[in-house]
Amino acid sequence: MFCFQCEQTAGCTGCTRAGVCGKSAMTAKLQDTLTGALIALANTAACSSKNSNNNLSASLANEINHLILEGLFATITNVNFDDASIKNLTARIHAAATKTANACNVSIVSDYYMNNIWNANEDIRSLKSLILFGVRGMAAYAYHAMTLGYTDASLNQFFLTALDSLSKDWGMNELLPIVMEVGRFNLTCMELLDRANTETFGDPVPVSVSLTVEKGPFIVVTGHDLEDIKQLLEQTKDKGINIYTHGEMLPAHAYPELKKYPHLKGNFGTAWQNQQKEFASLPAPILFTTNCLMPPKASYEDRVFTTGAVVFPNTPFISSSTDGHKDFTPVIEKALELGGFSKDQHFTGINGGSSVMTGFARNAILSSAGEIIDAVKSGAIRHFFLVAGCDGARAGRNYYTEFVKQTPSDSIVLTLACGKYRFNDLDLGTIGAFPRLMDMGQCNDAYSAIKVAVALADAFGCGVNDLPLSMILSWYEQKAVCILLTLLHLGIKNIKLGPTLPAFLSPNVLNYLVEHFAIAPVTTPEADLKEILG
Ligand code: FSO
Ligand code: SF4
């Protein structure tokens with residue numbers, strides 16, 4: 001096997017025997033076959049449109065779009081570990097490719113051989129990896145939007161174009177623009193998901209979320225899918241079961257259509273890499289709606305449930321009916337059977353805090369834009385830091401905790417995604433009416449951060465790079481790749497990235513990013529702060 005798509009890849013170069021994530025060599029091989037089949041499907045769809053013989057029925061086009069998103073999502077780190085379901089998905093992709101070829105009267109394209117990419121010249125491999133991993137991350141966002149009924153034709157077309165490009169014998173000049181296009185289309189995609197989430201569940205409002213788990217039966221929900229938690233909240237109404245968010249589900253507390261449920265009580269645990277420890281003796285079921293699933297330990301494997309794109313062998317999966325309804329009865333019954341804690345448990349965050357704040361999405365912040373601009377003009381706010389991204393197990397990640405602790409008292413720290421659990425229970429105080437630490441939401445809410453940065457730049461009549469704003473990012477898996485490409489597409493410079501740089505950046509591609517965007521690895525909090533604040 002060969003896989004180097006995430007930050008924890010073995011030896012910072014590549015997993016070759018089995019994945020550090022727990023993925024077996026067989027699963028990795030099947031995921032490669034699946035990806036090769038997706039590329040062949042994209043090739044077939046491309047020849048059908050080239051022949052201007054585009055006879056695809058709406059239902060076949062829809063089926064292709066759905067399979068592309070499902071297939072790409074299944075290969076993201078910590079999502080699907082189940083060989084049978086990967087084989088089944090691959091067979092469905094083959095069937096759709098055959099139907100497409102027949103409908104358009106073109107010959108069937110055989111599966112692309114992924115080793116052509118893994119064994120290519122390192123720069124080509126690097127650029128094709130950026131494209132592939134970027135569209136994998138983007139597919140997760142498009143999938144969540146699709147679940148809520150939001151799609152975008154240009155985005156669907158781009159997934160096919162990007163996949164098709166992976167099989168081409170192209171050089172840097174052809175591939176680099178496609179890498180940047182991934183960034184552009186991911187902005188469209190995050191905007192689509194933002195619209196889907198806010199039009200369905202309302203604009204987030206700032207809330208304080210308790211870390212106490214009350215006595216009695218409860219369910220822990222993790223991942224990014226707000227529709228899943230909505231259906232679960234509806235189905236657990238008046239059943240004496242409380243619901244707790246975990247990981248990337250924390251921002252659910254801020255959405256009016258979710259926070260209205262009184263049994264959505266609080267947040268349990270920290271970021272994904274601590275789950276094997278935190279779930280070990282939990283007297284409650286855990287529902288995984290997206291990544292990041294780690295192979296469950298024997299101590300709690302009987303209470304793990306998955307849904308959506310997440311699949312693990314011998315683990316109950318909650319499927320969706322054609323109208324999108326999911327029946328969470330098995331999870332509910334498990335919660336009642338386990339019964340929860342016998343008395344309230346006062347958990348704390350990593351730094352000892354008993355609650356965390358969330359809900360500072362674009363609307364919440366921009367509704368106070370006037371006050372923020374005045375505070376910058378008066379000197380009350382000297383600098384903004386966006387300390388954002390994914391968490392992970394690597395020891396050097398306490399850089400982010402230390403960085404936030406050392407930010408000066410006249411600065412604001414904006415955050416999002418699961419890396420925030422390293423510091424989101426800290427009390428950094430306030431500047432006027434604003435908390436110094438504001439959580440904007442999930443990783444896809446990088447869209448909110450972009451909207452806020454662009455609005456501030458407009459207000460000050462400057463570019464985003466001229467604002468007193470620095471981006472200190474942490475990456476782990478492929479969603480971070482597409483977000484990074486979006487920031488580069490927007491021309492944002494001087495991003496600091498850690499805890500290590502991606503193994504799939506070749507020296508030449510990295511040089512290109514450094515020359516054009518001045519991207520740099522994080523060093524130490526002291527040195528980075530000194531450099532940023534001059
Ligand atoms: Fe974290 Fe996992 Fe949002 Fe990622 S839970 S690491 S980029 O999947 O999704 O931040
Ligand atoms: Fe290794 Fe990451 Fe690939 Fe898993 S996803 S096999 S940890 S590089």
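Contact here means heavy atoms within 4.5 Å. This is a predicted model: local features need pLDDT of at least 70, side-chain atom pairs count only at pLDDT 80 or more, and totals for chains, interfaces and linings use all residues. Residues are numbered from 1 along each chain as its sequence is written, chains are lettered from A and ligands numbered from 1 in the order in which they are written, and side-chain values use heavy atoms, with hydrogens and water left out.

**Annotated site**
- An unreviewed UniProt entry marks Cys3, Cys6, Cys15 and Cys21 as "binding site". They span 19 residues in sequence, yet no two of their C-alpha atoms are more than 10.7 Å apart, so they gather at one spot.
- Such annotations may be inferred rather than shown by experiment; positions follow the numbering used here, and feature names are shortened.

**Cysteine 15**
- Cysteine 15 sits in the segment before α1 (helices are DSSP runs of H or I, at least four residues, numbered from the N terminus).
- Cysteine 15 is buried, at 6% relative accessible area (buried means under 20%, with a 1.4 Å probe and protein chains only).
- Beyond neighbours within four places in sequence, cysteine 15 contacts Met1, Phe2, Cys3, Thr9, Ala10 and Val20.

**Cysteine 6**
- Cysteine 6 also precedes α1, which covers 25–50.
- Cysteine 6 is buried, with a relative accessible area of 8%.
- Not counting residues up to four places away in sequence, cysteine 6 touches Thr77, Trp475, Tyr476, Glu477 and Gln478.

**Ligand 2**
- There are 13 residues around ligand 2 (a heavy atom within 4 Å). Cys3, Cys6, Cys15, Cys21 and Thr77 come nearest.

Conventions: Helix = DSSP H or I, 4+ residues; strand = E, 2+ residues; numbered from the N terminus. Buried < 20%, exposed > 50% of the residue type's maximum accessible area, 1.4 Å probe, protein only.
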